[in-house]
Amino acid sequence: MKKIFAIVLTLALALSLSVTAFATEENHTITSDADGNPKPSTATTSVTFGVDPTYTITIPATVKLTKNTANGTVTYEQDATITASEGVRLLNGQTIRVTLSAGENEKTFVLNTKQGATLKYTVTVGNTEIKNGDIVATFGTSLKEQTSTLHFAAANPTFAGDYSDNVVFTISIQ
C-alpha cells in the first residue's frame with residue numbers, strides 16, 4: 001500500500017510541474033497565385049540586437065602629497081588620475097560626469113590633523129581650480145582609454161602632524 005501511495009504522489013508531483021511555453025513568431029509565407037505570381041510580393045523582416053551600456057571608471061584610493069621645494073618655496077603636491085578604461089559604451093548623446101566634493105559637512109578642501117590643525121588645499125584640473133561639487137572629468141563613448149588629471153596642492157603648514165581629508169567622487173550619466 002505504501003509503494004502504491006508513493007507512486008501516486010510521485011506521479012501527481014510530476015504532472016503538477018509547470019511547463020514553459022515558448023511563443024514563436026510567425027514567419028512570412030509567400031505563395032503563388034493562379035498565374036504563378038508571388039502573393040504577397042513583399043515581406044518585411046525585422047533585424048535586431050541589443051548592446052548594454054558599459055564602462056569602468058577608476059578613482060585613486062589615496063593621494064599622498066609630497067614635499068616640493070621648487071622655486072625656493074615649500075609646498076606639498078601630487079597629481080592623481082581618473083581613468084575611463086577602454087571600451088566605454090553609452091547610449092547616444094550620453095556622457096559620464098565625475099564631480100568632486102569636499103569631505104563630509106565641508107564646503108572647501110581642508111586637511112586636518114588629530115591635534116586640530118587645519119590647512120586649506122587646492123585641486124586643479126589643467127589651469128582650472130576646482131570648487132566643491134565641480135566637474136573634474138567628462139567621458140564619452142570611446143574604444144580608447146580616457147583620463148583626467150587632478151593636481152592636489154597645499155602650502156607649507158605651520159604645524160607638524162599627519163594631515164588628511166576625505167573627498168567624494170560622484171559618477172553620473174548625463
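**Close-up views of a predicted model**

**View 1. Surroundings of T99.** T99 touches G133, D134, I135, V136, V168, F169 and T170, leaving out residues up to four places away in sequence; contact means heavy atoms within 4.5 Å. The model is predicted, with local features needing pLDDT of at least 70 and side-chain atom pairs counting only at pLDDT 80 or more, while totals for chains, interfaces and linings use all residues. Residues are numbered from 1 along each chain as its sequence is written, and side-chain values use heavy atoms, without hydrogens and water. T99 lies in strand 6 (residues 96-101); helices (H or I, at least four residues) and strands (E, at least two) are DSSP runs, numbered from the N terminus. T99 counts as buried because its relative accessibility is 12%. Buried means under 20% relative accessible area, exposed over 50%, and partly exposed in between (1.4 Å probe, protein chains only).

**View 2. Surroundings of T83.** Strand 5 (residues 75-84) holds T83. With a relative accessibility of 16%, T83 is buried. Apart from its neighbours within four places in sequence, T83 has contacts with T56, I57, T58, E145, Q146 and T147.

View 3. Side chains of opposite charge can pair when their charged atoms come close. A salt bridge is a side-chain nitrogen of Lys or Arg within 4 Å of a carboxyl oxygen of Asp or Glu, and by this rule the count is one. The side chains of K131 and E129 form a salt bridge, at 3.3 Å from N to O. K131 is partly exposed, since its relative accessible area is 49%. E129 is also partly exposed, at 39% relative accessibility.
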